[in-house]
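Work through the exercises below with the model open in a viewer. Each task is followed by a solution in steps.

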Amino acid sequence: MKIELDKNPSLFIQNRMNDKHFMKLALQEAQKALEADEVPVGAIIVRNNEIISAAHNQPIYTNDPTSHAEINVIRKAAENIGNYRLKDTSLYVTLEPCAMCYGAIVHSRISRLIFGAYDLKSGVCGSSIQLHEQKCFNHMPDIEAGVLERDCSLLLKDFFKGRRN
């Protein structure tokens with residue numbers, strides 16, 4: 001559900017504060033990926049202001065190209081609650097999802113997707129394509145983009161700058 005600022009400004013401000021708080025926790029997960037020499041992307045899933053799972057990128061460690069932060073956090077959340085449907089949850093991720101991850105978000109029925117940095121090459125929620133606007137999906141999460149964008153982007157830029165040097 002989208003909240004209009006003029007209808008309930010205090011609720012809008014509270015949601016933005018919560019989004020920043022939880023994105024900071026996703027950034028802590030991204031830091032774990034960085035320390036493991038993985039692309040620093042982190043994610044958490046929240047239900048009723050409670051974290052039900054946290055994860056980060058691990059494709060190198062697991063030798064699994066699908067081991068993106070979003071996939072890992074969805075798998076953990078489903079296991080933790082004993083259901084593959086993650087209704088009434090919010091996923092916070094430091095980088096705009098790719099097509100694979102967006103598909104997993106849709107199929108798990110996550111209610112809200114909140115991401116930090118835009119991915120101009122493979123992001124599908126506003127950057128390279130607008131997959132979230134396609135009518136072929138039976139579920140569409142609400143999306144909030146650019147939460148702590150600068151912090152999320154800087155972590156990724158520094159990582160890739162270090163890789164190039």
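**Exercise 1. Find which elements the buried residues of H4 pack against.**

Step 1. In this predicted model, local features need pLDDT of at least 70 and side-chain atom pairs count only at pLDDT 80 or more, while totals for chains, interfaces and linings use all residues. Residues are numbered from 1 along each chain as its sequence is written, and side-chain values use heavy atoms, with hydrogens and water left out.

Step 2. Helices (H or I, at least four residues) and strands (E, at least two) are DSSP runs, numbered from the N terminus. Buried means under 20% relative accessible area, exposed over 50%, and partly exposed in between (1.4 Å probe, protein chains only). In H4, the residues Cys101, Tyr102, Gly103, Ala104, Ile105 and Val106 are buried.

Step 3. Contact means heavy atoms within 4.5 Å. The buried residues of H4 pack against H3, S3, S4 and S5.

Step 4. After the helix comes Arg109, with a positive phi near 65°.

**Exercise 2. Is strand S4 largely enclosed or open, and which strands pair with S4?**

Step 1. S4 covers residues 112–117, and five of its six residues are buried, so the rest of the structure largely encloses this strand.

Step 2. Two strands pair if DSSP finds at least two bridges between them. S3 (residues 90–95) pairs with S4 in the parallel sense over five bridges; Leu91 is opposite Leu113 there.

Step 3. Between S3 and S4 the chain passes through H4 (residues 99–107), and this β-α-β crossover is right-handed: with the strands pointing away from the viewer, the path from the first strand over the helix to the second runs clockwise.

Step 4. S5 (residues 142–145) runs parallel to S4 and is joined to S4 by four bridges. Leu113 has Ile143 as its bridge partner in S5.

**Exercise 3. Give the order of the strands in the sheet and say which stand at the edges.**

Step 1. The open sheet has five strands in the order S2-S1-S3-S4-S5, with mixed pairing.

Step 2. S2 (50–56) and S5 stand at the edges with a single partner strand each, so one side of each lacks a neighbour in the sheet.

Step 3. On average, neighbouring strands are turned by 15° against each other, direction ignored. Axes are lines fitted to C-alpha atoms, for helices over the stretch in contact, and angles run from 0 to 180 degrees between N-to-C directions.

Step 4. An antiparallel pair is formed by S1 (residues 42–47) and S3 over four bridges, with Ile45 opposite Leu91.

Step 5. H3 (residues 69–81) packs on the sheet and touches S1, S2 and S3; the direction of H3 makes about 140° with that of S2.

**Exercise 4. Is Thr94 buried or exposed?**

Step 1. Thr94 lies in S3.

Step 2. Its relative accessible area is 1%, so Thr94 is buried.

Step 3. Leaving aside neighbours within four places in sequence, the contacts of Thr94 include Met23, Leu27, Val41, Gly116 and Cys152.

**Exercise 5. Compare the radius of gyration of the protein chain with the globule rule.**

Step 1. The radius of gyration is taken over C-alpha atoms, and the rule is 2.2 Å times the number of residues to the power 0.38.

Step 2. For 165 residues a compact globule would be near 15 Å, and the protein chain has 15 Å, which agrees.

Step 3. Buried residues account for 44% of the 165 residues.
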